[in-house]
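Please read it alongside the sequence and the model.

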Amino acid sequence: MIELFKEHIKLSIEEPHEGYVGTRFDWTGKILQLRWKNIPLCTTELAGSTSELQGKGFYNEFGITEAIAYDTCSPGEYFPKIGVGMLKKENTEPYDFFHQYDNLPFEFTTEADHQSVTFGCINRHSQSAFYLEKKISITNTGFVIDYQLENRGSIVFKTNEYVHNFLSPGNKPLSGQTQLIIGEAVKATQFNDGLNPGNCLTYDGNQITWQCKPESDFFFEDISKVADSGNKWTLIDNQLKLALSEAVNFKPHKINLWGRAHVVSPELFKHIKLLPGETERWQRVFEIKEIESAID
């Protein structure tokens, strides 16, 4: 376990081969928990579960809908899952991110000091070779993730990346004290077609509120318009009087929203297209602010 401290912030991070070693989430920088004034802000995918195969904290994932080379390889062959390893394709069914595939893990490196930790992930398989570097730096108000992905292979990388934010300030259930500001403006059609048990969630502009505790999963895909100013989300807890936000330095490909009674996950998707020899860099900034009341 790696722990970073600064001011009121504490960040707990798993090393690549510790804890979660499933084939969905990226092993480089599995952020388990963010604490503010010793208040936990994250939780697990399933309430009360101790399974090491579930999501936690700020786990990220490459290729949930665009698995590199999956469609061009045959059953029994291997395809790359960035941040994890070479996964074995079992049949002709579409890629299933929930499935636990046979895995040949990549090489991983870790360098840490008191302010940051840098993870490296190296794939040496010729066609799909790459180098991923992820630096997580603690700040006075949160943390920053800097990514660098280099295509060292001979095929085009077309995929995506997002952080599956398992958020639960104070480990409390969602309620009328919870508010989410997301993207530029909620898309009415996407919201109405989403999974909204009991019409628990409502929206006005780009603000979403909970009328009650959800009794089952809610999910909205591509929920918000993304303009130049729509590259962030802010989760507000009026009881704790804090606002937690994620801002990115790219225009999101799409914004999804998922959650259950105990957890909410706004997700800003990064589209990636890398030709052989190309490198791409991007950044995610997470910040905590104290507030007096709901943000208008």
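Rings of Phe, Tyr and Trp (its six-membered ring) pair if their centres lie within 6.5 Å; planes under 30 degrees apart count as stacked, over 60 as edge-to-face and the rest as tilted. In this structure, ring pairs link Tyr20, Phe25, Tyr59, Phe166 and Trp258 into a cluster. The model is predicted, so local features need pLDDT of at least 70 and side-chain atom pairs count only at pLDDT 80 or more, while totals for chains, interfaces and linings use all residues. Residues are numbered from 1 along each chain as its sequence is written, and side-chain values use heavy atoms, with hydrogens and water left out.

**Aromatic pairs**

- By the ring rule, the count comes to 23 aromatic pairs.
- Tyrosine 95 and tyrosine 101 form a stacked pair, 5.7 Å centre to centre with 10° between the planes.
- Tyrosine 95 is buried at a relative accessible area of 15%, and tyrosine 101 is buried at 6%; buried means under 20% relative accessible area, exposed over 50% and partly exposed in between (1.4 Å probe, protein chains only).
- The rings of phenylalanine 166 and tryptophan 258 have centres 6.1 Å apart and planes at 80°, so this pair is edge-to-face.
- This pair links distant parts of the chain, 92 residues apart: phenylalanine 166 is in the loop between β13 and β14 (178-182), and tryptophan 258 is in strand β22 (residues 254-260).
- Strands (E, at least two residues) and helices (H or I, at least four) are DSSP runs, numbered from the N terminus.
- Phenylalanine 166 is buried at a relative accessible area of 0%, and tryptophan 258 is buried at 11%.

**Charges over rings**

- A charge sits over a ring if NZ of Lys or CZ of Arg is within 6 Å of the ring centre and within 35 degrees of the ring normal.
- Lysine 89 lies over the face of tyrosine 70, at 4.4 Å from the ring centre.
- Lysine 270 has its charged end over the ring of phenylalanine 250, 5.1 Å from the centre.

**Tryptophan 27**

- Tryptophan 27 is in the loop between β2 and β3 (30-36) and is buried, with a relative accessible area of 2%.
- The C-alpha atoms of tryptophan 27 and serine 224 are separated by 29 Å, and the two residues are 197 residues apart along the chain.

**Strand β11 and its partners**

- Seven of the nine residues of strand β11 (residues 130-138) are buried, so the strand is largely enclosed by the rest of the structure.
- Strand β10 (residues 116-123) runs antiparallel to β11, joined by eight bridges; two strands pair if DSSP finds at least two bridges between them.
- β10 and β11 form a hairpin with six residues between them, and cysteine 121 stands opposite leucine 132 in β11.
- β11 also pairs with strand β12 (residues 142-151) in the antiparallel sense, over nine bridges.
- β11 and β12 form a hairpin with three residues between them, and lysine 134 stands opposite tyrosine 147 in β12.

**The five-stranded sheet**

- An open sheet of five strands has the order β5-β13-β23-β22-β18, with antiparallel pairing.
- β5 (58-62) and β18 (218-220) stand at the edges with a single partner strand each, so one side of each has no neighbour in the sheet.
- Strand β13 (residues 157-165) and strand β23 (residues 263-274) run antiparallel and are joined by five bridges; lysine 158 stands opposite lysine 273 in β23.

**Positive phi**

- Most residues other than glycine have a negative phi.
- Glutamate 7 has a positive phi, near 50°; the residue is in the loop between β1 (2-6) and β2 (9-14) and is exposed at 63% relative accessibility.
- Alanine 69 also has a positive phi, near 65°; the residue is in the loop between β5 and β6 (78-81) and is partly exposed at 25% relative accessibility.

**Cysteines**

- A search of the whole structure finds zero disulfides, a disulfide being a pair of cysteine sulfur atoms within 2.5 Å.
- The sulfur of cysteine 73 is 18 Å from the closest cysteine sulfur, in cysteine 121, which is too far for a bond.
- Cysteine 73 is buried at 10% relative accessibility, and cysteine 42 is buried at 1%.
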